[in-house]
Amino acid sequence: MTINRARRKFLGTVAAGGASIVASRHAAAAPQAAAPKAAPLTTPRPAVLGGTPIRTAAFPGWPVQDSREEQAMVAVLKSGKWGRGVGGQVKAFETQYAALTGTQHCLATANGTSALLTTLAAMGIGAGDEVIVPPYTFVATINAVLMLHALPVFVDTDIETFQIDASKIAAALTPQTRLILPVHLGGSVADMDTIMGLSTARNIPVVEDACQSHLAQWKGRHVGSIGKAGCFSFQASKNLNSGEGGAIISNDQALVDQAYAFHNNGRPGSGSDFAYRHAGLNLRLTEFQASLLMAQMTRLETQFAHREANAAYLTKQLSQIPGISPAKMYPGVTRNAYHLYMFRYDPSAFVGLPRAAFLKALRAEGIPASSGYSPLNTEPFLASVFASTGYQRIYGAATLKSAEERSRTPQNDRLCEEAVWLTQTMLIGPREDMDHIAEAVRKIQKYAGEIARQSN
Ligand SMILES: Cc1ncc(COP(=O)(O)O)c(C=O)c1O
């Protein structure tokens with residue numbers, strides 16, 4: 001109940017929010033937040049210096065499951081209908097997910113990568129086309145573009161929000177730009193007003209990579225339902241999980257029909273089994289995965305609210321620690337799914353303690369944090385793709401060079417050096433877990449000089 005009350009308050013605050021990026025919103029969301037504790041004069045020594053760790057208990061595990069999942073899986077097993085061609089689970093899931101996200105159509109796919117690939121293929125994206133992408137994302141966003149021999153053009157990241165910097169997209173467009181592919185990173189939402197404004201003005205469609213942002217919302221609309229289509233992942237780490245799995249949502253019936261055929265070896269949903277509409281792949285979800293997803297969906301909203309309330313409380317605490325900057329949200333973000341809890345770390349507020357040593361010290365305290373992505377646009381594998389005979393033949397050296405120049409992203413490079421991630425499962429436990437995280441950071445800050453000397 002505490003969490004629900006807090007969330008209502010959170011949404012109310014957002015509706016009245018100002019025009020700039022919202023930092024203080026979290027403060028309003030904290031349910032009966034106790035004042036953040038200052039490090040006492042006698043702060044115990046950090047575990048990395050031989051002190052006692054703040055916690056030894058593990059954070060909550062993932063996935064959460066009970067008899068609901070067991071019954072769902074056993075029912076499919078016993079039915080003998082294990083594939084979508086013969087069973088009704090995938091169809092039932094698609095109906096439920098479309099309703100949940102407020103869209104007309106949903107097509108389930110084998111995973112998030114294939115949701116992206118299928119959508120782009122269904123839209124006819126291919127050789128010679130440029131696609132606007134963020135560099136701060138999982139490689140699958142880029143791979144979907146590359147698999148179709150299209151050219152990813154990277155637009156820099158807004159370091160404050162960790163999302164694509166929408167104000168820089170216009171400068172990266174050319175007559176060859178066929179698609180804008182923003183990612184809603186970490187459960188938050190990209191600046192959809194700016195992106196959709198540009199999309200309309202330049203007549204370039206938008207596909208939302210919402211693989212990390214189930215149930216997140218922009219001005220009350222579900223992510224994935226704002227552009228031409230939205231793609232989701234149900235891979236094991238995701239907030240909605242069936243081990244592997246994916247989905248496309250859209251209000252465009254023709255697009256979903258094309259997508260259906262592509263994910264079904266080019267065979268349309270109706271008509272003869274061996275009528276091929278175009279080339280395609282088998283990227284179908286199984287009945288087992290669909291039944292698992294429907295069981296997992298019974299907890300989705302409660303888990304979401306829990307994460308949101310804990311994240312709000314944690315932000316209130318961490319924001320008061322010099323050198324720690326939690327990711328901000330655009331005012332249009334009315335719900336953040338917190339697939340990741342992300343913040344930036346500034347070593348200068350920690351006596352120059354490098355991020356790697358900070359992370360090591362955090363882990364020693366029992367707080368499993370990581371450094372997140374490295375810059376995708378400078379990945380050596382991309383250089384070899386662009387140097388390949390196929391890419392050279394399609395685009396020519398001059399276009400590839402110009403795309404590379406347009407793809408320089410200094411803010412993203414900096415973010416990749418400063419970011420710290422906590423996973424979503426760390427937000428579904430008790431409030432005390434948030435206190436532990438903040439306490440660990442304060443403790444490390446207090447002893448940063450000594451830790452730095454020791455790690456040299
Ligand atoms: C932003 C993003 N896009 C795409 C994907 C690909 O999803 P999947 O792993 O289900 O193929 C992921 C998965 O981690 C992702 O985080």
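Student: Is Val 145 buried or exposed?
Tutor: First, note that this is a predicted model. To judge burial, count the other C-beta atoms within 10 Å; 20 or more makes a residue buried. Val 145 has 23 of them, so Val 145 is buried.

Student: Which helix holds Val 145, and which residues does Val 145 touch?
Tutor: Val 145 lies in helix H6. Set aside residues up to four places away in sequence. Then Val 145 touches Leu 120, Val 131, Val 133, Ala 150 and Pro 152. Pro 322 is 177 residues from Val 145 along the chain, and their C-alpha atoms are separated by 40 Å.

Student: How does Gly 269 count, buried or exposed?
Tutor: Apply the count again. Gly 269 has 10, so Gly 269 is exposed. Gly 269 sits in the loop between helix H8 (253–263) and helix H9 (287–318).

Student: What does Gly 269 touch, not counting residues up to four places away in sequence?
Tutor: Gly 269 touches Asp 257 and Tyr 260. Ala 259 is 10 residues from Gly 269 in sequence, and 9.9 Å away in space, C-alpha to C-alpha.

Student: How does Arg 431 count by its C-beta neighbours?
Tutor: There is a class between buried and exposed. Arg 431 has 17 C-beta neighbours inside 10 Å, so Arg 431 counts as partly exposed. Find Arg 431 in helix H14 (residues 431–446). Leaving aside neighbours within four places in sequence, Arg 431 is in contact with Asn 310 and Tyr 313. Arg 393 is 38 residues from Arg 431 along the chain, yet their C-alpha atoms are separated by 57 Å.

Student: Now the sheet. In what order do S12, S14 and S15 come?
Tutor: To read a sheet, list its strands in order and then check the pairing. Here three strands form an open sheet in the order S12-S14-S15, with antiparallel pairing. Strand S12 (324–326) and strand S15 (419–423) are at the edges, each with a single partner strand, so one side of each has no neighbour in the sheet. Neighbouring strands are turned by 30 degrees against each other on average, direction ignored.

Student: How many bridges join S12 and S14?
Tutor: S12 pairs with strand S14 (residues 340–345) over three bridges, in the antiparallel sense. Look at Pro 326: the bridge partner of Pro 326 in S14 is Phe 343.

Student: What about the whole chain? How many helices and strands are there?
Tutor: The chain has 15 helices and 15 strands. Its C-alpha trace spans about 75 × 60 × 40 Å along the principal axes. To judge overall packing, compare the radius of gyration with that of a compact globule. For 456 residues, such a globule would be near 23 Å; the chain has 23 Å, which agrees.

Student: What share of the 456 residues is buried?
Tutor: Buried residues make up 49% of them.

Note on methods. Residues numbered from 1 in each chain as written. Predicted model: local features only at pLDDT ≥ 70, side-chain atom pairs only at ≥ 80, totals over all residues. Pairing = 2+ DSSP bridges. Helix = DSSP H or I, 4+ residues; strand = E, 2+ residues; numbered from the N terminus. Axes fitted to C-alpha atoms, helices over the stretch in contact; angles between N-to-C directions. Rg over C-alpha atoms; globule rule 2.2 N^0.38 Å. Buried ≥ 20, exposed ≤ 12 C-beta atoms within 10 Å, placed from the backbone. Contact = placed C-beta atoms within 7 Å.
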